[in-house]
Amino acid sequence: MATSTFLCPVASSFSQKPLQSTFLHSSVNPSFLTLNILPKKLRKPHQLRSLVVAKSNGSDSADVPDRLISALCYFYPFFDGIQYGKYVITQFYPVQAIIQPLVPAIRVFKSFPFNGFLVFLTLYFVVVRNPNFSRYVRFNTMQAIVLDVLLIFPDLLERGFNPRDGLGLDLMMSLDSTVFFFLLVCLIYGSSSCLVGQIPRLPIVAEAADSLSYLRVQTSE
């Protein structure tokens with residue numbers, strides 16, 4: 001279709017992979033806990049885990065730089081899995097309009113085969129394992145990393161089951177499109193939530209990030 005030709009060079013160059021959010025409250029008194037607004041008998045375990053305390057000063061604050069860094073991290077899994085949108089991008093103009101401003105950055109990211117792995121190492125060892133960054137930044141960075149790691153499964157499925165036509169090809173197109181839309185939703189939801197100071201909790205991904213003890217955010221006892 002004519003409207004999709006601007007992305008054809010990018011789409012054709014994509015290769016296989018090499019290998020309830022809550023607002024952060026900054027209270028006047030740092031010792032005040034957000035959970036105090038709930039009666040003890042109404043506090044459920046999942047509420048205790050999801051409600052986050054952000055101190056007005058300290059390592060858990062979500063200031064503007066923290067929000068920007070966290071929002072940018074969600075571009076990493078989206079860029080790394082952009083090839084799953086090869087069927088959608090060339091057929092739907094609204095999706096093209098969303099992707100078009102990102103094309104230069106995607107080309108740079110895909111220009112070197114090991115860029116994804118290098119970004120992974122940088123985010124994990126420089127950000128996640130660095131106590132100089134706030135827990136807010138490290139948690140969101142870890143979510144982005146886990147989301148990218150999960151892309152191994154559709155990649156393995158695509159490599160082992162590579163139909164050329166028929167029903168098999170239709171199923172593979174549906175799988176790729178589903179993965180792409182999931183990444184796109186995670187990018188929009190994750191980045192926008194970070195920009196306004198919320199903690200986005202992605203399905204499955206958030207639980208995996210929470211499992212790391214050094215990333216657990218402070219909650220009320």
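How many aromatic pairs does the count come to? In this predicted model, local features need pLDDT of at least 70 and side-chain atom pairs count only at pLDDT 80 or more, while totals for chains, interfaces and linings use all residues. Residues are numbered from 1 along each chain as its sequence is written, and side-chain values use heavy atoms, with hydrogens and water left out.

The count comes to 10 aromatic pairs. Rings of Phe, Tyr and Trp (its six-membered ring) pair if their centres lie within 6.5 Å; planes under 30 degrees apart are stacked, those over 60 are edge-to-face, and the rest are tilted. One of the pairs joins tyrosine 124 and phenylalanine 125. Their ring centres lie 5.1 Å apart. The planes stand at 90 degrees, and the pair is edge-to-face. Phenylalanine 125 counts as exposed because its relative accessibility is 52%. Here, buried means under 20% relative accessible area, exposed means over 50%, and partly exposed lies in between (1.4 Å probe, protein chains only). Ring pairs also build a cluster. Its members are Phe75, Tyr76, Phe78, Phe79, Phe109, Phe180 and Phe181.

Helix packing was examined next. Helices (H or I, at least four residues) and strands (E, at least two) are DSSP runs, numbered from the N terminus. Helix H3 spans residues 64–73 and packs with H11 at an angle of about 175 degrees. The two axes are 8 Å apart. Axes are lines fitted to C-alpha atoms, for helices over the stretch in contact, and angles run from 0 to 180 degrees between N-to-C directions. H3 is therefore roughly antiparallel to H11. Angles under 35 degrees count as roughly parallel, over 145 as roughly antiparallel, 65 to 115 as roughly perpendicular, and the rest as oblique. Arg67, Leu68, Ser70 and Ala71 make the contact from H3. Ser191, Cys194 and Leu195 make it from H11. Contact means heavy atoms within 4.5 Å. The contact residues divide into 4 nonpolar, 2 polar and 1 charged. In this grouping, Ala, Val, Leu, Ile, Met, Phe, Trp, Tyr, Cys and Pro are nonpolar, Asp, Glu, Lys and Arg are charged, and the others, Gly among them, are polar.

Side chains of opposite charge can pair when their charged atoms come close. The whole structure holds 4 salt bridges. A salt bridge is a side-chain nitrogen of Lys or Arg within 4 Å of a carboxyl oxygen of Asp or Glu. Aspartate 176 bridges to lysine 86, with the closest N and O atoms 3.1 Å apart. Aspartate 176 lies in helix H11 and lysine 86 in helix H5 (residues 86–89), so the pair ties together parts 90 residues apart in sequence. Aspartate 176 is buried, at 0% relative accessibility. Lysine 86 is partly exposed, at 24%. Salt bridges link Lys86, Glu158 and Asp176 in a network.

Aspartate 155 and arginine 159 form another salt bridge, at 3.0 Å from N to O. Both residues lie in helix H10 (residues 152–160). They are 4 residues apart, about one turn of the helix. Aspartate 155 is buried, at 2% relative accessible area. Arginine 159 is partly exposed, at 47%. Glutamate 207 bridges to arginine 201, with the closest N and O atoms 3.9 Å apart. Glutamate 207 is partly exposed, at 44%, whereas arginine 201 is buried, at 15%.

Isoleucine 204 has a positive phi, near 70 degrees, in a residue other than glycine. Isoleucine 204 sits in the loop between helix H11 (166–195) and helix H12 (205–210). At 65% relative accessibility, isoleucine 204 is exposed.
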